[in-house]
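Here's a quick briefing on one strand and the packing around it. Have the model open while you read.

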Amino acid sequence: MTAALPRIWPSPDNKPLPPTGTAEVFRAFARDLAAGRRSWDAETARFIAAQFDQLAAEWDTTRATGRDDPLRDALERGGPFPDGPCLELGSGTGLFTPLLRRVFPRVISVDLSEQMLQQAAGRSPLRVRADAVSLPLADAQVAAVAAIDMLLFPTETARVLAPHGVVLWINQFGEDGPLYVPATEVAAALPGDWLAVEADAGWGSWAVLRRGH
């Protein structure tokens, strides 16, 4: 079940749309992976890590949007949030980590790319190189899992999340983004019953999901 909030952050002009064909291919992969129709293997992980290692040095200046509207809106209207650590999956160069640290007492930044994590040194004090398909955490250890333009690994996300924890699902470009998965599909992919609140903000969209109790 999802509930939509009205938009309060306008969408600026000149939205930098990704190439249509490429975005469609990645969106299909992201949705299939979330739903279990596609598998994730070591070869794919190595390929993705290598791609982002190459982009890391120039990411902030040539690839980053410079906008954090969806995350800000999610943190302002998607609460209340439980107290405890936040696991930021696909944290990249740490552009969004400082915002998460305002809400959560500790943010664990996880990424496949070692070079991306090195670029994040000034933004995130706790960084771990790991594959989100097999996280180096015990069960129910985090209060929140933040996935910002990230693939969804539903089984591991649910495993490490505390019973009253939340999933922050952020798409910087909304439906146009290459990794966009609708909140309804995110909720359906996560094990068990989940409730979601979502909204559009800026160029993108966000959803905060909680287990139904």
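The notes below go from the strand to its partners and then to the cores.

This is a predicted model, so local features need pLDDT of at least 70 and side-chain atom pairs count only at pLDDT 80 or more, while totals for chains, interfaces and linings use all residues. Residues are numbered from 1 along each chain as its sequence is written, and side-chain values use heavy atoms, with hydrogens and water left out.

**Strand E2**
- E2 covers residues 86-89, with Cys-86 and Glu-88 pointing one way, Leu-87 and Leu-89 the other, and all of them buried (under 20% relative accessible area, 1.4 Å probe, protein chains only).
- Strands here are DSSP runs of E with at least two residues, and helices are runs of H or I with at least four, numbered from the N terminus.

**Partners**
- E2 pairs in the parallel sense with E3 (residues 107-111) over four bridges; pairing takes at least two DSSP bridges between the strands.
- Val-107 in E3 is the bridge partner of Cys-86.
- On E5 (residues 142-148), the pairing with E2 is parallel too, over four bridges, and Val-145 is the bridge partner of Leu-87.

**Cores**
- Leu-87 and Leu-209 have the most contacts inside the largest nonpolar core, which has 38 residues (buried Ala, Val, Leu, Ile, Met, Phe, Trp, Tyr and Cys joined through side-chain atoms within 4.5 Å).
- Helix H1 (residues 20-35) supplies the largest share of this core, four residues.
- Apart from this core lies another, of 21 residues, including Phe-81 and Ile-170.

Technical notes. Buried means under 20% relative accessible area, exposed over 50%, partly exposed in between (1.4 Å probe, protein chains only).
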